[in-house]
Structures are given as structure tokens and as C-alpha cells.
Amino acid sequence: MSDETDPDPAQAFLVAIAAEYRHDPAIEMGTMLRSPGLRVGGKIFAFLGGDQRLIVKLPRARALEAVGTGTAHHVTMGSRTMKEWVAFPLDGDDLDGTLNTWRHAAREAHDFVAGI
């Protein structure tokens with residue numbers, strides 16, 4: 001198959017994650033930095049990075065833990081490293097694992113941002 005007909009796994013994963021919230025009226029699709037993402041109460045908690053990463057907002061200690069274990073990476077905007085935003089990469093060799101990791105990260109981010 002050509003790249004034009006292959007679905008983007010990152011987009012498909014975000015759609016699958018969004019579907020899990022379809023009965024929650026506080027959750028909506030939105031954009032962050034011109035990328036698709038999820039909002040709770042009008043605040044973004046997860047969005048796709050341009051390089052097939054799921055970027056989420058977590059409590060600082062949890063973000064540092066995820067980076068420390070190698071599961072996630074710091075997010076830098078301009079020259080500033082964000083304290084609560086981390087990126088979970090897409091592993092093309094383990095798409096099922098990636099989707100599970102992204103689901104868990106999105107749930108954590110949702111719970112955190114909904115409580116702010």
C-alpha cells in the first residue's frame with residue numbers, strides 16, 4: 001500500500017482514545033499548536049505532536065518519573081522545557097503497546113487536568 005492510503009496510526013490512536021470519552025460531555029476534540037487533541041472543561045490534556053507523539057499534561061513528579069524511566073520525553077517549546085508536558089513516542093514495532101501506553105497516559109492527563 002502507498003503512504004496515501006495507509007492510515008496514520010497516531011491519528012487513529014487519538015480517535016480511539018477520544019471514543020472512550022464519547023459519553024462524557026466535558027470532553028471534546030480540539031487543537032493545540034494546530035494539532036488535534038482532547039480537552040476537558042475547555043483545557044487541553046492530550047494532543048498529537050508533529051512527529052507522531054502523544055503529548056500530555058501530567059503532575060510534575062509523574063512527568064519526571066515517566067521521563068526517568070525512558071517511557072516519555074521532555075517537551076521543549078522554543079528554548080523552554082515544559083515542566084508538566086511530556087511526550088510518549090509511537091513505537092512502530094509495537095503498536096498495541098503504544099496504544100495501551102497512550103491510553104493510560106491520556107487517562108492520567110485527563111484526571112490531572114480535570115482536577116485543576
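Student: Is Phe 13 buried or exposed?

Tutor: Keep in mind that this is a predicted model. Buried means under 20% relative accessible area. Phe 13 has a relative accessible area of 11%, so Phe 13 counts as buried.

Student: What is the relative accessible area of Trp 102?

Tutor: Trp 102 is buried too. Its relative accessible area is 0%.

Student: How many aromatic pairs does the structure hold, and which kind is the pair of Phe 13 and Trp 102?

Tutor: The structure holds three aromatic pairs. In the pair of Phe 13 and Trp 102, the ring centres are 5.8 Å apart and the planes stand at 90°. Planes over 60 degrees apart count as edge-to-face. The pair of Phe 13 and Trp 102 is therefore edge-to-face.

Student: How many residues apart in sequence are the parts that Phe 13 and Trp 102 tie together?

Tutor: Phe 13 lies in helix H1, residues 9–19. Trp 102 lies in helix H3, residues 95–114. The parts tied together are apart in sequence by 89 residues.

Student: What is the angle between the planes of Phe 47 and Trp 85?

Tutor: Phe 47 is in strand S3 and Trp 85 in strand S6, 38 residues apart. Both residues are buried. Their rings form an edge-to-face pair, 5.7 Å centre to centre. The angle between the planes is 65°.

Student: Which strands stand at the edges of the sheet?

Tutor: Six strands form an open sheet in the order S1-S2-S3-S4-S6-S5, with antiparallel pairing. An edge strand here has a single partner, so one side is left without a neighbour in the sheet. The strands at the edges are S1 (27–32) and S5 (73–77).

Student: Which residue in S6 is the bridge partner of Leu 54?

Tutor: Strand S4 covers residues 53–57. Five bridges join S4 to S6, and the two run antiparallel. In S6, the partner of Leu 54 is Phe 88.

Student: At about what angle does H3 run to S4?

Tutor: H3 packs on the sheet and touches S1, S2, S3, S4 and S6. Its direction makes an angle with that of S4 of about 25°.

Student: Which residue in the turn between S5 and S6 has a positive phi?

Tutor: Four bridges join S5 to S6, which run antiparallel. The two strands form a hairpin with two residues between them. In the turn, a positive phi of about 70° belongs to Gly 78.

Definitions and conventions: Residues numbered from 1 in each chain as written. Predicted model: local features only at pLDDT ≥ 70, side-chain atom pairs only at ≥ 80, totals over all residues. Heavy atoms only, no water. Phe/Tyr/Trp six-rings, centres within 6.5 Å; stacked < 30°, edge-to-face > 60°. Buried < 20%, exposed > 50% of the residue type's maximum accessible area, 1.4 Å probe, protein only. Pairing = 2+ DSSP bridges. Contact = heavy atoms within 4.5 Å. Axes fitted to C-alpha atoms, helices over the stretch in contact; angles between N-to-C directions.
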